[in-house]
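Open your viewer and get ready to select residues. We will go stop by stop.

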Amino acid sequence: MRRVLSLAILAALSGSLLATAGASAASKGAEFGDTCSGVRAGAPFGAIFERSRTGAQLPLAAPTSGVLTKWIAYMPALFPEGVPPLTVRVVRAIGSGEVEVTAKAALESLRPGKNEFETRLPIEAGEYLAFGSNEGGTIACGPPSAEEEELRVQVNGGGIAGGVGQSIPQVGEKAAVEASAYRVPVSGVIEPDVDGDGYGDLTQDGCPQGAEYHGACPTLHFAPAYTVGAGSVQVQVKSSAGARVAVTGKLPGLGTSLGTRKTIPAGRYTTFSLAIPPALGAQLRHLDSRKSLRVPLVARVNHVTGNVSTDRLTVRIPGRHRH
Ligand SMILES: [Ca+2]
């Protein structure tokens, strides 16, 4: 079975285009691809992607690494018959004549006009969206018209195999690419994934500060009451979600700290026992029992950056020197 991918080739991006993509990424993700309207079925490939095109409005390849959160297909007003469900494959160019499929979205039944589909696929800068089906057959915007050719709109794209009965590559597979001049009516939206959990940080990830959570980040609360014993201080902490929590305190001027950590369940106060270190014990023995030492404590969820999953409590530890 012959596998041929048709790839489109991509024009160099100007600095201003890149700057625009970066600015929009801050709020709603960066769009890339081609927004041309599909006009024809039966491009002789099972999947096609655009690599370069003179005058492209958007980057044709993913401008950054992150998560593909949406793909958009611009279909003809008169939708052709016999088009199978379509999807996008994320493809990475290997040299000029081959690609590897790194991810694939779900197959979708398309309708006339603009079609938008939510997805969640890892994507790296420089990868392309190849538009096609599972069984051969796709829709393209068509090669440049004679008029466009006069304006030197050149598309360098790639077609991946796909006559009827030919399979096209699945995730992890490679395919040869055959050059084509088709534009591809597909764009994608990419969001950053700073914590690397596979959820787009702008719209999919409720806790982009930590890879262990993609719902809301846990919130922590100290109980206001605490107990000071001979050798330790007991405080209570609860979390909105099960979490590995560290409670620590700095002792200014003593060059030491106190702290402990444990995994706690959601919604229930759990006791943390903080051993009083020798240096603090020594200081307390010299401190008048009518006075106390203020020790600021902080509770944090492990591996969640910033202050979103923290709480603070200052405990007062009485002196132990009696007259
Ligand atoms: Ca994320």
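The tour starts with the whole chain and then moves to single strands and residues.

**Before you start**

This is a predicted model: local features need pLDDT of at least 70, side-chain atom pairs count only at pLDDT 80 or more, and totals for chains, interfaces and linings use all residues. Residues are numbered from 1 along each chain as its sequence is written.

**Stop 1: the whole chain**

Show the protein chain as a cartoon. Its secondary structure comes to three helices and 21 strands. Helices (H or I, at least four residues) and strands (E, at least two) are DSSP runs, numbered from the N terminus. Buried residues make up 40% of the 323 residues. A residue is buried if 20 or more other C-beta atoms lie within 10 Å of its own, exposed if 12 or fewer, and partly exposed in between, with C-beta atoms placed from the backbone.

Now think about contacts. Two residues are in contact if their C-beta atoms, placed from the backbone, lie within 7 Å. Among contacts between residues at least 6 apart in sequence, 74% join residues at least 24 apart.

**Stop 2: colour by confidence**

Colour by pLDDT, the predictor's confidence in each residue, from 0 to 100. The mean for the protein chain is 85, and 84% of its residues reach 70 or more. Which element has the lowest mean pLDDT? Select strand E1 (residues 4-8): its mean is 42, the lowest among the elements. Strand E14 (residues 220-222) has the highest, 98. Next, select residues 1-26, where the pLDDT is below 50. Beyond near neighbours in sequence, this stretch has 82 contacts in the model. Where pLDDT is low, the predicted coordinates should not be read in detail.

**Stop 3**

Select strands E2, E13, E5 and E8. They form an open sheet in the order E2-E13-E5-E8, with antiparallel pairing. Two strands pair if DSSP finds at least two bridges between them. At the edges are E2 (30-33) and E8 (113-123), each pairing on one side only. Neighbouring strands here are turned by 25 degrees against each other on average, direction ignored. The axes behind such angles are lines fitted to C-alpha atoms, for helices over the stretch in contact, and angles run from 0 to 180 degrees between N-to-C directions.

Zoom in on E5 and E8. They pair in the antiparallel sense over nine bridges. Trp71 stands opposite Phe117 in E8.

**Stop 4: an enclosed strand**

Select strand E9 (residues 128-132). Five of its five residues are buried, so E9 is largely enclosed by the rest of the structure. Tyr128, Ala130 and Gly132 point one way, while Leu129 and Phe131 point the other way. Five bridges join E6 to E9, and the two run antiparallel. Val91 has Tyr128 as its bridge partner in E9.

**Stop 5: the cores**

A nonpolar core is a set of buried Ala, Val, Leu, Ile, Met, Phe, Trp, Tyr and Cys residues joined through C-beta atoms within 7 Å. The largest one has 46 residues; Ile48, Leu129, Ala130 and Phe131 touch the most other members. Strand E5 (residues 66-75) gives the most to this core, with six residues. A second, separate core of 22 residues includes Ala243, Val245, Phe272 and Leu274. In soluble globular proteins, nonpolar side chains tend to be buried together.

**Stop 6**

Select strands E18, E17, E20 and E21. This open sheet has the order E18-E17-E20-E21, again with antiparallel pairing. Its edge strands are E18 and E21 (310-318). Neighbouring strands are turned by 20 degrees against each other on average, direction ignored. Five bridges join E17 to E20 (residues 292-301). Gly249 has Leu297 as its bridge partner in E20.

**Stop 7: two loop residues**

Find Leu254 in the loop between E17 (243-251) and E18 (256-264). Buried or partly exposed? Leu254 counts as partly exposed, because it has 16 C-beta neighbours inside 10 Å. Beyond neighbours within four places in sequence, its contacts are Ala279, Leu280 and Gln283.

Finish at His303, in the loop between E20 and E21. Phi of His303 is near 65 degrees, a positive value in a residue other than glycine. Most residues other than glycine have a negative phi. His303 is partly exposed, with 14 other C-beta atoms within 10 Å.
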